[in-house]
Structures are given as structure tokens and as C-alpha cells.
Amino acid sequence: MFTVRVEDNFAAAHFLSRYHGKCERLHGHNYKVWVTVKGDGLDDGGMLFDFGILKKKLHEILDIYDHGNLNECDDFKDGNPSAERIAYSIYERLSPFILDMNKKLKYNISIDRVEVFETEKNLAAFIPE
């Protein structure tokens, strides 16, 4: 099995209304996001997947959140925009793109994990089964 990982970041505000502590007040983070895809094949160039193509798509997704209030984003209308839910939202937005790319490849790739760092030391991940 091969994997590739790309990284990007965004800045956004949010609050956790069902959390009892300082994070229930509006505050912001400089988020870092890692997306890892996996597969068991390589293309003619010896690569699982082009870093640039994956990073471009991730950047398009993160632009939706960048410099906004995540609580106002449609992805989080029904709940708190925790790091875990942000990771899942990115996964949901990226999945159709990966499925479409599989139609163009001679092998399948899938999302291995989406990791969202709220700080340098704290991250949450969504890992599909």
C-alpha cells in the first residue's frame, strides 16, 4: 500500500455552544490540515497520485472556511464546528473528487485520513473505515 499526504491551512473563527469553558466564546484558530490518500497502484510515472492536484483540491475546499465564522458555514448548521467535525466535513467534500479521479486511474485510491490541527500540539482526525 502506498500513501501520499498534502498539507494546507486556513484561519477561521468558531465557538462551541455545547462546550462548557472558554471555547464556548467566539475565538479563532490558524488550522493546519493534512490529507492522506492511499492506494495499491502507481501510475506510469511511478506515482500514486499527483501532489499538486490533491493540494489544489484541498485548497479549494479550505477556501470555503478561510477567514470566516465556521458556525455560519452550511457544513456546521446542525452542530458545533469542532476539529473532529471539520475533518469529517473536509472528507465529505473531498470524497466525490477522489471517486471521480478513480475513473481516470488504472487503480483505485481512497482517503486514508483527514487530520485537522487546531494548534501545533492538538489535532483531531477522521479515518474512514
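Predicted model: local features only at pLDDT ≥ 70, side-chain atom pairs only at ≥ 80, totals over all residues.
In strand β5, residue A124 is the bridge partner of V116, where strands are DSSP runs of E of at least two residues, helices are runs of H or I of at least four, and both are numbered from the N terminus. This bridge belongs to the antiparallel pairing of β4 (residues 109-117) with β5, which extends over four bridges; two strands count as paired if DSSP finds at least two bridges between them.

Residues are numbered from 1 along each chain as its sequence is written, and side-chain values use heavy atoms, with hydrogens and water left out.

**The fold.** The chain contains two helices and five strands, which follow one another along the sequence in the pattern β-β-α-β-α-β-β. The five strands form an open sheet of mixed pairing, in the order β3-β1-β2-β4-β5, and its edge strands, each pairing on one side only, are β3 (68-69) and β5 (123-126). The two pairings that involve β4 are set out below.

| Strand pair | Sense | Bridges |
|---|---|---|
| β2 and β4 | antiparallel | eight bridges |
| β4 and β5 | antiparallel | four bridges |

A hairpin of five residues joins β4 to β5. Because seven of the nine residues of β4 are buried, this strand is largely enclosed by the rest of the structure; buried means under 20% relative accessible area, exposed means over 50%, and partly exposed lies in between, with a 1.4 Å probe and protein chains only.

**The helices.** Helix α1 (residues 51-65) lies across β1 (2-14), β2 (27-39) and β3, and runs at about 20° to β1. Helix α2 (residues 83-102) packs on the sheet and touches β1, β2, β4 and β5, its direction making about 155° with that of β4. Such angles run from 0 to 180 degrees between N-to-C directions, along axes fitted to C-alpha atoms, for helices over the stretch in contact, and contact means heavy atoms within 4.5 Å. Residue E60 has its place in helix α1 and, at 39% relative accessibility, counts as partly exposed. E60 and R25 are 35 residues apart in sequence, and their C-alpha atoms are 28 Å apart in space.

**The largest pocket.** Among the residues that line the largest pocket are K38, Y91, N102, I111 and E129. By class, the lining has six nonpolar, three polar and two charged residues. Its largest share, five residues, comes from α2, and α2 and β4 each supply at least two residues.

**The chain as a whole.** Along its principal axes, the C-alpha trace spans about 50 × 30 × 25 Å. Of the 129 residues in the chain, 42% are buried. Among contacts between residues at least 6 apart in sequence, 67% join residues at least 24 apart.

Methods: 1 Å grid on protein atoms, 1.4 Å probe; cavity = no way out; pocket = protein on both sides within 12 Å on 5 of 7 lines; lining within 4 Å. Nonpolar A, V, L, I, M, F, W, Y, C, P; charged D, E, K, R; others polar.
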